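Okay, thanks everyone, let's get started.

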Amino acid sequence: MAGVQMMPAAIDVRADGGVAALRRRRVGPSSGSAVSTTSLFVGGWRRPRRQSCSVRALRQGQGRSSRGGLGIVCNLGGQYEDTFDDVQLQLMNYFTYKAVRTVLTQLYEMNPPSYRWFYNFVAVNKPTDGKLFLRALSKERQELAERVMITRLHLYGKWIKVTGGVTITARVVQL
């Protein structure tokens, strides 16, 4: 490959400036030819990285062509057919987190015993997974779960009203 340089060995440098060891690492399948490469990072990778693109054999009747052969499968970026469900889930999880913080602040000011109970509940059940958090909360205290859901809906409506999606679009276009 043009432009790719491989170092014969990696130097493990100690914090005090001394050289600890020279290491070589073999990369490749366990059987067959392996390529000797080195890591520029101390310790190297703990686990192998997943390939972003690979060549796979296509069977007959698979894909667009009816004949077999090789096809390149690239998982580096998303496909245009993606539904963006992961993005929606992340937004809902974040708004749940913000709603929990808001409800905690309200309870701190108006109902200290409920605040203590809810604070301990949040410490044990992390609100980063909104769906699981709300299910667990609704089993313990239904009124607090409803309050968090209503606050989440209010925060989401306020965010849409203030930004209108224009802010995100402007930031994406700036790149």
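Predicted model: local features only at pLDDT ≥ 70, side-chain atom pairs only at ≥ 80, totals over all residues.

Let me zoom out for a second. The protein has 5 helices and 6 strands. If you read along the sequence, the pattern is β-β-β-β-β-β-α-α-α-α-α. Of the 175 residues in the protein, 18% are buried. The exposed surface comes to about 14700 Å², and carbon and sulfur atoms supply 56% of that. As for contacts between residues at least 6 apart in sequence, 36% of them join residues at least 24 apart.

Back to helix 1. Its buried residues are Asn93, Phe95, Thr96, Ala99, Val100, Val103, Leu104 and Leu107. And what covers the buried residues of helix 1? Helix 2, helix 3 and helix 4 are among the elements that do.

Take Ala99, which sits in helix 1. It counts as buried because its relative accessibility is 0%, and the cut-off for buried is under 20%. Which residues does Ala99 touch, leaving aside neighbours within four places in sequence? They are Val148, Thr151, Arg152 and Leu155. With Leu155, Ala99 is 56 residues apart along the chain, yet their C-alpha atoms are separated by 7.2 Å.

That takes us over to helix 4, residues 142-163. Helix 4 has 22 residues and reaches 32 Å from its first C-alpha to its last, close to the 32 Å expected. Its buried residues are Leu144, Ala145, Val148, Thr151, Arg152, Leu155 and Thr163. They cover an arc of only 125° around the axis, so they end up on the same side of helix 4.

In soluble globular proteins, nonpolar side chains tend to be buried together. Here the largest nonpolar core has 16 residues, and the ones with the most contacts inside it are Val100, Phe118, Phe133, Leu137 and Val148. The elements that give two or more residues to this core are helix 1, helix 2, helix 3 and helix 4. Which of them gives the largest share? That's helix 1, with 6 residues.

Neighbours within four places in sequence aside, Val100 is in contact with Phe118, Val122, Pro127, Phe133 and Val148.

Two more residues and I'm done. Is Ser114 buried or exposed? It has 16% relative accessibility, so it counts as buried. Its side chain makes a polar contact of 2.9 Å with the side chain of Asn111. Not counting residues up to four places away in sequence, Ser114 also touches Leu107 and Arg141.

The other is Lys131, which lies in helix 3. Lys131 has a relative accessible area of 56%, so this one is exposed. Between Lys131 and Met92 there's a gap of 39 residues in sequence, but their C-alpha atoms are 8.8 Å apart in space.

Methods. Residues numbered from 1 in each chain as written. Heavy atoms only, no water. Helix = DSSP H or I, 4+ residues; strand = E, 2+ residues; numbered from the N terminus. Expected span 1.5 Å × (residues − 1). Buried < 20%, exposed > 50% of the residue type's maximum accessible area, 1.4 Å probe, protein only. Arc of directions from axis to C-beta. Core = buried A, V, L, I, M, F, W, Y, C linked by side-chain atoms within 4.5 Å. Contact = heavy atoms within 4.5 Å. Polar contact = N/O pair within 3.5 Å; in protein donor to acceptor, adjacent residues only side chain to side chain. Areas by Shrake-Rupley, 256 points an atom, 1.4 Å probe, with all protein chains shown as cover.
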